[in-house]
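Student: I have the sequence and the coordinates open. Can we work through them by question and answer?

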Amino acid sequence: MANQPIITVKNLVKNYDDFQAVKGISFEVYEGEIFGLLGPNGAGKTTTLEVIETLREKTSGEITVDGFNIETDADSIKKRIGVQLQAAGYYPNLNLSELIVLFSGLYGINKTPMEMLEKVALTDKAKSKYKELSGGQKQRFSIATTLINNPRIIFLDEPTTGLDPQARRNLWDLIREIRDAGTTVVITTHYMDEAEVLCDRVAFVDGGHIIGIDTPDHFIDQLVATGFERKKEVKSANLEDVFINLTGKEWREG
Amino acid sequence: MKYSNTRATLAIAKASFCSILRSPSAVVFSLAFPLIFILVFANIGGGGMSVDVGVAKGCDTLNPVYKALAQNKIVHLIKDQTADEMSKNLAKGSIDAIIDMKPLVPMTPIKMEVKYSAASGDKGSVLKSMLNNIFYRIQSEQLTRIQGYSGIKVPNAIDLKETIVSGREYKYIDFILPGQLGFSLLSSGVFGTAFVFIGLRLTLVIKRFFATPVKKYSIVLGEALARIVFSLLGALFIIMVGHFAFGFTLIHGIITVLNMLVLCAIGLIIFMGFGFTISGIAKNESTVPPLSNIITLPQFLLSGTFFSVTAFPKWLQYVSNALPLTHLNNAMRKVAFEGAGLGDVTHQLFILLIWGIGVYAVAVKTFKWE
C-alpha cells in the first residue's frame, strides 16, 4: 500500500483565551489506516481532533482533509467525515431508529435505521432510548451515527473509556471491520495495550507537541534497542487474558 | 445528491416535535394547566357576587321582606348556624350580615334588625341598598292602598325609564380563555425553548450536529417550527374545549379561530426570544426555572390573565401596559369576542413587534452555541 495521506496537518496552533493548547503540530494520516493519537489528559488530543473535524477554529497552521482545505471547504469536509465526540449525548426522548432518521436528514442521505443498526449489531435495540443502553452499546450506536454518510474518515475520541474488557474487544473488532471496509479511522485512547493491538500507526502528543510518530512495533523495538527492560519478566499472558478466559468472550448487556 | 437545508430543517423539526410530545412537562404546562385554570375559573362564574346573610333563630319568614330576600339571586340565606357561630362568622366577615324579624302584627311596622360586619367590605352596603329597595316597594304598595281610600294623588318624584340594550353576553370564559392561551404560549415559549437549547448545548447534541453539514439556522428554525406546531395544536385544542364545553364566544367561527392562531404564532415567536436569551445566560439547567419565572410570573399576574388590567391602580396599569402579554391578551380578546380582524389590532401588533425586535436583539447577543 502506497502511503497516500488523507489528512495533512502542518504547524497547527490553537490558542484559547489564556493558554496555548496546541503548539505547532504536524502529522499525516494515511488512507485506510487506524491512526492513534496518544497522550495524557490535557495534551491537546481532543483540541487537535476538533479542529480537524471543523468544530473549532484553528489559530494558525494548515490542514487538508481528503483534499479539502479546512478553511475554505469545511462543508465538503463535514460531508466526508464521521465524528464521535467524547461524552456526547443524543437528542432527548427519541429512540435509536428515530435518531438514525434524524441524522440521515442532517446528512441529506437516505439510510434505513435497520441498515445502520445492523452494522453495529443493535437491531434489537431499535426502539430503545439512547440513555437506556449499556456503555458498550452507547459507543457502538455512536459509531453507527458516524457511518451514516459513508464517510472517508471517522474520528473516535476515547471510544473505549469505561468499557468492560468484553465490550472493549468487541469494539476493536468493529473498528477493524470499518477499517477493512476502506474507511480511515483516527482514534484517541489512554490504553496503550489497545493502541498496540489496534492502531497501524500512533502519534504521541504531550504539552501541545507531537513527540513521536511511528508504528507501535517500531516504537517498542526502538525502546528495546536502547536496552530497556521491563522490571518484571513478561509472561505469555496478562491479567486481562485471564479475565477474558474466565468470563468468556461474549458480549455482555447491561 | 445535492444537500438540502430544508430537509435538514424538517428532520430537526420532526425530531423536536416527537421529543416535545414525549416530554411530560411540555404537555402539562401547555395543555393541562390552562385547562385546569379555565375549568376552575369558568365555574366560579361571571359577576359571581354573593352576599351571605345569616338568619337569626326565630326570625319570621312569612313577611314580605324575607320573601323578597329569599327570591334574590345575590343573597344567600344561612339558616343552619347557631347564634354563637353566626356572630363569630360575622366578626370574621365570612357572613356579611345577620337579619332578625319579629312575627308580623297587622297594622304595625315590620320590626327588623340587621347587623352588618365591618370585616366584609362592600357587601354590607349592597345588602343595605337591596333592603332599601324592598322597603320602598312595600312602602309604595301601602301608599297606593291609602291613596285608594283618600283620593289624594301623591306625585311621583322620579319617572324612571329602564331599558336593557340587547347584546352578546360577555361570559367569564370569554375573558379567561384568551388570558390562559396567552399564558400557555408564554410558558411554552420561555421555559420550553430555554430548556431545550440549554439541554442540547450541555449534552453536546448541538456540537454533534455541527459535525454534520447542517446550518445553524436550520437548527433554530427546526426547533422553532416544532414548538409553533405543537403550541398551535395546543391552542386549537384549548379553544375547542372552551367553545364546546364552556361556550367560549367565537364571533366569526373558523375565521376567528384562524385569526387567533395567527396571533398565537406571533406571540410565541416573541416569547421564544426570551427563551433563547435565558438559554444563553443560564449556566446550567437548574438556573433556567428562576430566570424563566422572572419573565413569566410578572406577566402572569399583571397582564390581565385572570382579571382585567383596569382593576389595578393607575401606576400599576402603566407597568401592565408595557408588558407584551397584556397586548397579546387584548388583541386575542378583541379578535375572539368583538370579531376584530388582524387589521383592527395593529396597535397591539405594533407593540408586540417592538418587543420582538428588542428581545431578539438581546437574544442574538447572549445566545451560546457551545
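**Strand pairing, domains and interface**

Student: Which residue stands opposite Val55(B) in S3(B)?
Tutor: This is a predicted model. Strand S1 (residues 51-55) of chain B runs parallel to S3(B), joined by three bridges. Val55(B) stands opposite a residue of S3(B), and that residue is Ile99(B).

Student: In S4(B), what is the bridge partner of Met101(B)?
Tutor: S3(B) also pairs with strand S4 (residues 112-116) of chain B. Five bridges join the two, and they run antiparallel. In S4(B), the partner of Met101(B) is Met112(B).

Student: How many residues of strand S3 of chain B are buried?
Tutor: A residue counts as buried if 20 or more other C-beta atoms lie within 10 Å of its own. Strand S3 (residues 97-101) of chain B is mostly covered by that test. Of its five residues, the buried ones number four.

Student: How far apart are the C-alpha centres of domain 1 and domain 2 of chain B?
Tutor: The domain assignment gives chain B a domain 1 in two segments, 5-45 and 171-366. Domain 2 covers 51-150. The distance between their C-alpha centres is 50 Å.

Student: Turn to chain A. Which strands are the edges of its open sheet of six strands?
Tutor: The order is S6-S7-S8-S3-S9-S10 (chain A), with mixed pairing. The twist averages 15° from one strand to the next. An edge strand here pairs on one side only. Those strands are S6 (81-84) and S10 (209-214) of chain A.

Student: What is the bridge partner of Ile81(A) in S7(A)?
Tutor: S6(A) and strand S7 (residues 153-157) of chain A run parallel. Four bridges join them. In S7(A), the partner of Ile81(A) is Ile153(A).

Student: Which helix lies across S6 and S7 of chain A?
Tutor: Look for a helix running at about 160° to S6(A). The helix spans residues 135-147 of chain A. That is helix H5 of chain A.

Student: Which element gives the largest share of the side of chain A that touches chain B?
Tutor: In the interface, 22 residues of chain A are in contact with 24 residues of chain B. The elements of chain A that give two or more residues are helix H2 (74-80) and helix H3 (96-107). The largest share is six residues, and it comes from H3(A).

Student: How many residues on the side of chain A that touches chain B are nonpolar?
Tutor: Sort that side by class. Four residues are polar and five are charged. The nonpolar residues number 13.

Key. Residues numbered from 1 in each chain as written. Chains lettered and ligands numbered in written order. Predicted model: local features only at pLDDT ≥ 70, side-chain atom pairs only at ≥ 80, totals over all residues. Domains from an automatic or database assignment. Pairing = 2+ DSSP bridges. Axes fitted to C-alpha atoms, helices over the stretch in contact; angles between N-to-C directions. Contact = placed C-beta atoms within 7 Å. Nonpolar A, V, L, I, M, F, W, Y, C, P; charged D, E, K, R; others polar. Buried ≥ 20, exposed ≤ 12 C-beta atoms within 10 Å, placed from the backbone.
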